[in-house]
Amino acid sequence: MYKLDLNQMTQDEFLTQYWQKKPVVIRQGFKDFVDPISMDEFAGIAMEETVQSRLLSKKDGQWQAEFGPFESYGHLGERDWSLVIQALDNFSEEAAELIEPFRFLPHWRLDDLMASFATPGGSVGPHVDNYDVFICQGSGKRHWRVGHRGQYEEVIAHEALLHVAPFEALIDVTLEAGDILYIPPGYPHEGVALEPSMSFSIGFRANSAISLLSGFADHLIDNDLGGKLLEDSSRQSTTNSGEVSSADYASLKQQLQNLLDDDQVFGNFIGGFLTTAKHELDLMPSEEPFERDEVRELLGIHGIKRLGGLRAFYFEETINEGICFINGERVSFVADIAPAVKLLCNNLTVMPDELAAWKNNEDFISLMVKLLDLGYWFWVEAE
Ligand code: SIN
Ligand code: CO
């Protein structure tokens, strides 16, 4: 279990002073930090087909990028390269534990755990992210520079690498194991390894209004909900045929607004949107469907754990109507079991004592059978 120490700051103080506002170094945010995964295991994961990985290197001042899965690293030498894995939480239960201390932020904001291994001189280059990110230094040291928020000239260092022009440093530090660097969106930054080193970035996605609007339009089209024609049955004659009247303008806007104001439609869209995984899940549906009796018995003995990277959320507004969203789908359940569903959505692991009140509830068993069959939750040893 990783325990986050915000250096005398409460979580609320961190949120008020820094979150989305300015970068900060949190020295020894994780005391006695040990990498959740060895460098060898990390390199092995980047050899898997379903994993999104990149190798970045600089040769004679020229950036190079290669994309995984990789077969070997022997050709790379001892310097100036880094290996980056996206959504490591989907593939390593141990690494996913690093996300847990950040549950003081709602997980619908979470994107993924990205990690990198770098040899001395290795870097991904100077860039700007559209993310809030906590960069947790693992073993080895890295030199980090963070610049002021602003407009920076983009540099296409390689067709797959969007960098920014050199920037003046606001933060210029060497991070050691357990140190954390928080960077809000828009601040240019660059980390360069001083030694072979690991780094773990917990990224929080910031959706743009336009991505929501475009996702909503797709949802309406996919569900045949947006085809209603704009109406003007109470029209009166005009003498200015070239004019869009103020009333027409307001009516067009209102009819679009009505789509957004329909909480049934928008709620279903946003629930699916926020729980859709961006990176492939390491799904292993059960080979044989679970039996209800078996699930009832095992719930008294074992804990249940959510698959790494699986997104499951409920809305404060509708949980008591028996609605939640899991992996892009709306899931309905008998409203009585809402407290148990909250446990599943709010925690990575739920232990048998927490489920004591639910393990004999037939509606909860039905839901668990479904989630276990899909491979969304799996059994773990009780602590
Ligand atoms: C890295 O791990 O090297 C890159 C992290 C980042 O810049 O977000
Ligand atoms: Co970055």
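This note sets out, in numbered points, the main features of a predicted model of a single protein chain.

1. Overall build. The chain comprises 383 residues, of which 46% count as buried. Its secondary structure consists of nine helices and 19 strands. Taken along the principal axes, the C-alpha atoms fill a box of roughly 75 × 70 × 45 Å.

2. Salt bridges in general. Side chains of opposite charge can pair when their charged atoms come close. In this model there are 14 salt bridges. The points that follow treat several of them, beginning with a pair that involves the start of the chain.

3. The pair K31 and D5. A salt bridge joins K31 to D5, and the closest N and O atoms are 2.8 Å apart. Because K31 lies in the loop between β1 (24–26) and α2 (39–45), while D5 belongs to the segment before α1 (11–17), the pair ties together parts that are 26 residues apart in sequence. D5 has a relative accessible area of 30% and is therefore partly exposed.

4. The two partners of R235. R235 forms a salt bridge with D232, with 2.8 Å between the closest N and O atoms. R235 also meets D248 in a salt bridge, at 2.9 Å from N to O. D248 is part of helix α5 and R235 is part of the loop between α4 and α5, so this pair ties together parts that are 13 residues apart in sequence.

5. A salt-bridge network. R292, D293, R296 and E362 are linked to one another in a network of salt bridges. The reader may wish to display these four side chains together.

6. A patch of negative charge. On the surface, D261, D262, D263, E316, E317 and E321 gather in a patch of negative charge. One of its members, D261, lies in helix α5, which covers residues 246–261. D261 counts as partly exposed because its relative accessibility is 47%.

7. A nonpolar patch. L230, V244, Y249 and L252 make a nonpolar surface patch of about 440 Å². Among them, L230 is found in the loop between α4 and α5. With a relative accessible area of 52%, L230 is exposed; the cut-off for this class is over 50%.

8. The hairpin of β16 and β17. Strand β16 (residues 323–326) and strand β17 (residues 329–332) run antiparallel and are joined by four bridges. Within this pairing, C324 has V331 of β17 as its bridge partner. Two residues stand between the strands of the hairpin, and N327 takes a positive phi near 50° there.

9. Positive phi at two aspartates. D60 is a residue other than glycine, yet its phi is positive, near 50°. D60 sits in the loop between β2 (53–59) and β3, and it counts as exposed because its relative accessibility is 78%. D224 is not a glycine either, and its phi is about 55°, again a positive value. The place of D224 is in the loop between α4 (209–222) and α5. At 70% relative accessibility, D224 counts as exposed.

10. A cis peptide bond. The peptide bond leading from G68 to P69 is cis, and its omega is near 5°. P69 belongs to the loop between β3 (62–67) and β4 (81–85).

11. The region between α4 and α5. Several of the features above belong to this part of the chain. The loop between α4 and α5 holds D224, with its positive phi. L230 of the nonpolar patch is found in this loop. R235, which is bridged to D248 of helix α5, lies in the loop as well. Helix α5 also contains D261, a member of the negatively charged patch.

Terms used: Residues numbered from 1 in each chain as written. Chains lettered and ligands numbered in written order. Predicted model: local features only at pLDDT ≥ 70, side-chain atom pairs only at ≥ 80, totals over all residues. Heavy atoms only, no water. Patch = residues over 30% accessible without salt bridge, like charges linked within 9 Å, V, L, I, M, F, W, Y side chains within 5 Å. Areas by Shrake-Rupley, 256 points an atom, 1.4 Å probe, with all protein chains shown as cover. Lys, Arg positive; Asp, Glu negative; His and termini not counted. Charge placed at Lys NZ, Arg CZ, Asp CG, Glu CD. Buried < 20%, exposed > 50% of the residue type's maximum accessible area, 1.4 Å probe, protein only. Pairing = 2+ DSSP bridges.
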